[in-house]
Amino acid sequence: MHQLFRLVLGQKDLSRAGDLFSLDDAEIEDSLTEALEQIKIISSSSDYQTNNNDQAVVEICITRITTAIRETESIEKHAKALVGLWDSCLEHNLRPSGKDEDTPHAKIASDIMSCILQNYNRPPVMALAIPIAVKFLHRGNKELCRNMSNYLSLAAITKAELLADHTEVFIKSILQGMVQRLSFRTCFRSRLKVFS
């Protein structure tokens, strides 16, 4: 892992986290998977939800990592670690607080979601992501569900068979009002084409 990532994540050094943006994307690209694994450890700690410093460090590092992944077009190389961190968010509370503020893990999930699911036209990435994505539909965060359904409808247009096994989840989410009907119709029509 790049020494600056090691310093920032190892010591949770918020004062140096912004320096990550001074590095070239290519310079840190080989470090991204290891950095994601370290973030997963930090965000899974028992005090993460109340530790503002750790949350800020994680937020900055995720922004830097997802930017580097997009700029270097290396999503397939780092997809497993990215999806692993995303999946770990499901072990924590994702429901907004009374003030409609996202929980720390909902913020992580949202940031990672856009990085992963913008690659809906890359079947290897979607094969890893979709089984995790559908789990978010029943976690009580309407904003996450709304955005997820939009991305999944795009994935259905490109590679409908990846969603075929999850139609029941979509139907339940529709009945609960968690997924936009327009997005679901797109997914459902695409699924039908697979079997026609």
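What percentage of the 196 residues in the protein chain is buried? Buried residues come to 45% here. Keep in mind that this is a predicted model, with an average pLDDT of 84 for the protein chain. The secondary structure is 11 helices and 0 strands.

**Overall make-up**
- Going along the sequence, you read α-α-α-α-α-α-α-α-α-α-α.
- Take the contacts between residues at least 6 apart in sequence: 74% of them join residues at least 24 apart.
- The protein chain has an accessible surface of about 9800 Å², and carbon and sulfur atoms hold 47% of that.

- As a rule, nonpolar side chains in soluble globular proteins tend to be buried together.
- In this model, the largest nonpolar core has 54 residues, and the members touching the most others are Phe5, Trp86, Ile116, Leu117, Phe136 and Met148.
- Two or more core residues come from each of α1 (3-11), α4 (32-43), α5 (52-72), α6 (75-88), α7 (104-117), α8 (123-133) and α9 (142-158).
- Helix α7 gives the largest share, with 8 residues.
- If you skip neighbours within four places in sequence, Phe5 is in contact with Gly10, Leu20, Ile28, Ser31, Leu32, Ala35, Cys61, Arg64 and Ile65.

**Where to be careful**
- A pLDDT of at least 70 is reached by 82% of the residues.
- Residues 180-184 stay under 50, and the model gives them 13 contacts beyond four places in sequence.
- Residues 190-196 are also below 50, with 9 contacts in the model beyond near neighbours in sequence.

Terms used: Residues numbered from 1 in each chain as written. Predicted model: local features only at pLDDT ≥ 70, side-chain atom pairs only at ≥ 80, totals over all residues. Heavy atoms only, no water. Core = buried A, V, L, I, M, F, W, Y, C linked by side-chain atoms within 4.5 Å. Buried < 20%, exposed > 50% of the residue type's maximum accessible area, 1.4 Å probe, protein only. Helix = DSSP H or I, 4+ residues; strand = E, 2+ residues; numbered from the N terminus. Contact = heavy atoms within 4.5 Å. Areas by Shrake-Rupley, 256 points an atom, 1.4 Å probe, with all protein chains shown as cover. pLDDT = per-residue confidence, 0-100.
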